[in-house]
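Here are a few friendly notes to read alongside the model. Please keep the viewer open as you go.

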Amino acid sequence: MGKNKINIEPNNRTSASSLNDSEKGVYSIHGVTGSQYSVNTDPTSYGSNDFALTPNRRISVINQAKEAIVQLDPKKFFRKKMLTKRFPILQWLPKYSADDAIGDLIAGITVGLTVIPQALAYAGIAGLPPQAGLYGSFIGAILYIFIGSCRCVNVGPSSTSSFLTNQVAGGDWPRAVLCGVIAGIIEFAMGIFGLGFLIDFVSEPVLSGFSSAVAIMIFTGQIKSLLGINATGHTFLQVWKTILQDIQNTRLGDTVMGVTCLIVLLAMRQLPKIKIGPTDDDRKNTCHKIFNKFLWYIGTARNFIVVVISTAISFILIENDRGDILKTIGPVPQGLPEFRLPLFTVTETKNETGFVTQQGETFWDMISYMNVGLLAVPLIALIETMSINKSAARGKPVDATQELLAIGAGSLVNCFVGGYPGNGSFSRGAINRESGARTPLGSLYSGVLVIIALLFLTPYFQYIPNSSLAAVIMAAVIFMVELHVIKPLWRSKRSDLIPAFACFIACLMLGIPVGTFMGIGVNMLFIMYHAARPKIQMERRYTLKNNKYLLIKPDRCLMFPSVDYVRNLINKQGMKEQLPVIIDCTCVYGADFTTATAIKMLLDDFGSRQQSLFFLNLKPSVAETFEGAELDMHVYYSLELLERIVDDPKTNVDLLDNVVDDTKPKRLWTQL
């Protein structure tokens with residue numbers, strides 16, 4: 001037997017005492033075998049009756065998964081529409097022009113000059129050797145050209161992903177690579193099964209608290225390199241405790257170099273804002289434009305310039321036997337990394353004296369160590385990449401599924417060359433956008449620059465001072481602290497400050513992975529509280545004959561967390577007023593079986609007191625749920641009609657006689 005669908009249709013049978021046109025608001029709600037549609041009600045009646053003529057199609061995560069699996073069918077996957085959707089390069093490459101090539105070349109080289117010092121610095125944040133940052137900065141970025149959809153995304157290590165990797169993997173390279181494998185698999189699976197909506201559960205206040213905490217933690221972690229001292233720890237207090245314990249060993253050379261680089265970087269950051277010539281760009285001459293562009297390039301490439309100059313100073317000191325003044329990053333292996341499968345187990349190694357230099361770990365040992373952080377890494381990667389996409393899209397829709405596939409694939413291929421988890425970076429995305437990137441092809445040029453650096457420049461990287469890289473990081477993350485959101489949040493909705501500060505404090509005190517999920521958890525508690533305590537508007541009204549009734553209007557869907565609260569509130573108010581009660585269901589757009597059970601009990605409560613209870617503007621989807629629970633009730637779609645029933649209860653009986661139609665199979669809903 002087929003499943004009955006709810007059909008809402010006007011009653012067109014009337015008795016001798018039929019109603020006039022203004023009273024066409026009572027509907028017979030019944031099951032009709034084979035019905036597929038919900039029908040619009042009278043738009044002139046009271047309240048919102050925006051019931052569209054749409055198929056009663058139910059879409060669930062399971063259905064989305066089935067559709068995703070169907071897409072893997074080779075016959076359907078290799079269709080032109082599917083190929084162009086999953087390989088966006090097929091959309092823009094046929095239309096590629098000379099102007100696009102110039103824009104991508106400039107943007108790619110500019111980003112590449114930023115990526116090289118950033119990669120070396122971010123590897124330090126992750127607690128890994130400097131080459132690990134470079135290894136993860138080219139192959140994923142090049143792959144993104146083929147499957148990425150945003151011109152501004154450059155896949156690779158970011159300050160956030162690097163810090164999370166350190167928190168999750170504890171500075172162990174094999175664990176960091178395995179973390180990238182699992183993060184890539186999770187991201188790719190989320191893309192296949194359309195789970196990009198999960199980022200909707202991370203609110204802006206929580207994201208602000210997270211970003212600010214990460215910025216402070218990264219800044220704090222770089223103080224040791226800036227001062228040339230030793231410090232460890234995973235939380236804010238732990239790091240500061242070790243910094244203070246070793247503060248007496250501060251090195252003058254590292255401190256001077258680091259502070260100088262930091263000041264210069266902050267000053268150079270202002271260069272792109274300097275403009276000469278008329279305010280109107282059309283009135284500027286060639287000299288004005290060239291000079292302004294020159295300042296912009298100098299300001300944009302500030303990291304590269306500062307690192308090169310500080311490296312030259314360090315080289316001169318070492319050549320003059322003064323290498324003890326500055327700590328450097330040390331030797332970096334020359335050449336491209338070996339392409340091989342990542343390690344899923346680590347064998348214990350010992351030196352010649354029998355001392356254990358590398359503790360052995362099984363796959364499950366590494367998984368247990370990383371724990372809940374394995375879920376935080378892909379989630380934050382998605383949030384950061386989607387933020388770049390939305391800023392570059394300028395209001396156009398963003399395909400979260402495609403971006404998940406792209407960054408997931410990027411993380412997976414990075415692991416084959418020893419790279420750790422990466423994603424789009426805010427700083428690289430901003431440079432891409434401001435440099436005039438036209439397509440994702442700009443990532444090719446930045447990737448090539450990284451490859452050139454690995455092949456030819458690594459012998460010089462050993463002279464890079466740790467303090468200059470620390471200054472590069474500190475100058476970038478200091479602007480990630482989102483103090484500017486506090487005032488708008490205070491003015492807009494002060495309760496949103498609670499999950500923001502909860503996430504911020506938890507990240508500082510308990511670590512980033514745990515703090516992130518605590519912030520999301522606090523936010524979810526607020527959502528659940530509002531779901532369990534809907535606002536209910538109660539209004540005492542008068543009919544044309546001056547009879548009083550109580551109009552009750554819930555403001556949202558009624559699900560199992562809220563039904564007891566709503567039922568008790570309506571019952572309490574009904575007993576207190578002893579008036580006919582009309583429940584306006586205009587805003588009730590969803591219900592479940594628990595709701596239907598509570599409504600049945602509410603009908604029994606009012607029936608036992610011989611008190612009238614009416615339902616107004618019940619959505620068809622909610623009516624279907626109620627009918628499935630076999631409730632005995634009647635629904636109206638005209639407040640004027642209900643007021644006439646309140647004035648003359650006998651009218652209700654006449655209407656019940658008129659709604660009976662034996663020509664169709666149905667369950668009659670009657671009003672108590």
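1. First, the ground rules. This is a predicted model, in which local features need pLDDT of at least 70 and side-chain atom pairs count only at pLDDT 80 or more, while totals for chains, interfaces and linings use all residues. Numbering starts from 1 along each chain as its sequence is written, and side-chain values use heavy atoms, with hydrogens and water left out.

2. Helix α10 covers residues 204-227 (helices are DSSP runs of H or I, at least four residues, numbered from the N terminus). From first C-alpha to last it reaches 35 Å, close to the expected 34 Å (1.5 Å times one less than its number of residues). Of its 24 residues, 19 are buried (under 20% relative accessible area, 1.4 Å probe, protein chains only). Gly-228 follows α10, with a positive phi near 75 degrees.

3. Arg-175 sits in helix α9 (residues 173-192). Is Arg-175 buried or exposed? Arg-175 counts as buried because its relative accessibility is 9%. Its side chain joins that of Glu-361 through a polar contact of 2.6 Å (a pair of N or O atoms within 3.5 Å; within protein, one must be able to donate a hydrogen and the other to accept it, and residues adjacent in sequence count only if both atoms are side-chain atoms).

4. Now the lining of the largest pocket. By class, this lining has 23 nonpolar, 13 polar and 9 charged residues (Ala, Val, Leu, Ile, Met, Phe, Trp, Tyr, Cys and Pro count as nonpolar, Asp, Glu, Lys and Arg as charged, and the others, Gly among them, as polar).

Note on methods. Helix = DSSP H or I, 4+ residues; strand = E, 2+ residues; numbered from the N terminus. Buried < 20%, exposed > 50% of the residue type's maximum accessible area, 1.4 Å probe, protein only.
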